[in-house]
Amino acid sequence: MRDATHEDFVIRWAKFVRDNPDKWRKIHTEFINSQFKMNEDFLKRLSKEKDGKEKIIKLYNIKNVSGYKKLLK
Amino acid sequence: MDRLIYNINVLSNFCRKFCKIIDKYTEYIIVSGFVAIASGRVRGTEDIDMIIKPLDKEHFIRLHNALAKNGFVAVQSDDPIELYSYLKEKTSIRYTLKDKPVPEMEVKFAKDDLDYYQIKTKIKIPLTNVDVWFGSINMNIAFKEELLKSPKDIEDSKHLRIVYSEFVDESEIRKIKEMIRRYRL
């Protein structure tokens with residue numbers, strides 16, 4: 001555990017999920033989707049920077065570059 | 001419309017689509033972090049871990065081609081023979097959607113009795129709203145507490161213990177932990 005406050009949050013949230021089966025999913029889905037949207041937007045910006053494509057290849061250890069042609073063009 | 005948007009997340013969709021294809025070729029289970037995340041844990045991840053029953057080369061090539069036809073690419077290579085050699089060497093292979101480096105599915109062959117036990121005791125978890133096969137709750141708790149042990153894993157375990165308190169079986173968890181010590185430590 002990182003600290004007591006964080007542990008409290010983990011427990012409180014788990015109880016919220018357990019006790020509110022109709023409420024947690026909206027909050028959770030927005031959180032997950034926003035992470036991937038931020039990642040996608042960032043990679044698009046990074047790919048346009050100097051050495052950006054090489055950084056993406058390194059970040060994700062991409063060996064099969066042909067599978068990511070659009071992103072790395 | 002709201003219901004449609006809020007009930008779907010990128011990670012679950014990716015997982016569902018991938019598992020639907022795998023299911024036609026072999027048995028599989030989803031384990032570790034995604035079990036907690038699909039069960040409501042709020043944390044980030046880039047990958048989903050999958051264990052599959054080993055296939056022979058010919059069947060793996062068919063599986064790989066089906067994945068490719070459905071928009072998935074392997075990060076390591078496009079060559080299914082090369083990918084198969086990784087699996088045989090107990091190295092995981094990673095698939096993503098074409099042109100999207102995340103999320104990724106990390107796939108490995110079952111390698112010992114513990115993996116086969118995980119597959120044998122696989123479950124569906126309706127609360128996740130993701131219709132795929134998961135390693136059991138007790139299994140995931142045992143792995144996180146006995147083998148993985150990072151702060152994130154311990155938090156995942158706490159989350160699973162609370163959300164699925166009715167399924168937590170301490171004697172089963174002890175039995176799995178003993179298997180982990182025998183096979184993995």
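In the predicted model, Ala74(B) has Tyr95(B) of β4(B) as its bridge partner. Strands β3(B) and β4(B) (residues 93–97) are joined in the antiparallel sense over three bridges; strands count as paired if DSSP finds at least two bridges between them. Residues are numbered from 1 along each chain as its sequence is written, and chains are lettered from A in the order in which they are written. Local features of this predicted model need pLDDT of at least 70, side-chain atom pairs count only at pLDDT 80 or more, and totals for chains, interfaces and linings use all residues.

The open sheet of chain B comprises five strands in the order β1-β2-β5-β4-β3, with mixed pairing. Because β1 (28–31) and β3 (72–74) stand at the edges with a single partner strand each, one side of each lacks a neighbour in the sheet. Helices (H or I, at least four residues) and strands (E, at least two) are DSSP runs, numbered from the N terminus.

Between the chains, 34 residues of chain A are in contact with 27 residues of chain B, contact requiring C-beta atoms, placed from the backbone, within 7 Å. On the chain A side, α1 (4–19), α2 (24–48) and α4 (69–72) each give two or more residues, and the largest share, 12 residues, comes from α2(A).

Helix α1(A) packs against α8(B) (residues 151–163) at an angle of about 35°, the axes lying 8 Å apart; axes are lines fitted to C-alpha atoms, for helices over the stretch in contact, and angles run from 0 to 180 degrees between N-to-C directions. Residues of α1(A) in this contact include Val10(A), Ile11(A) and Ala14(A), and those of α8(B) include Ile162(B) and Val163(B).

Methods: Contact = placed C-beta atoms within 7 Å.
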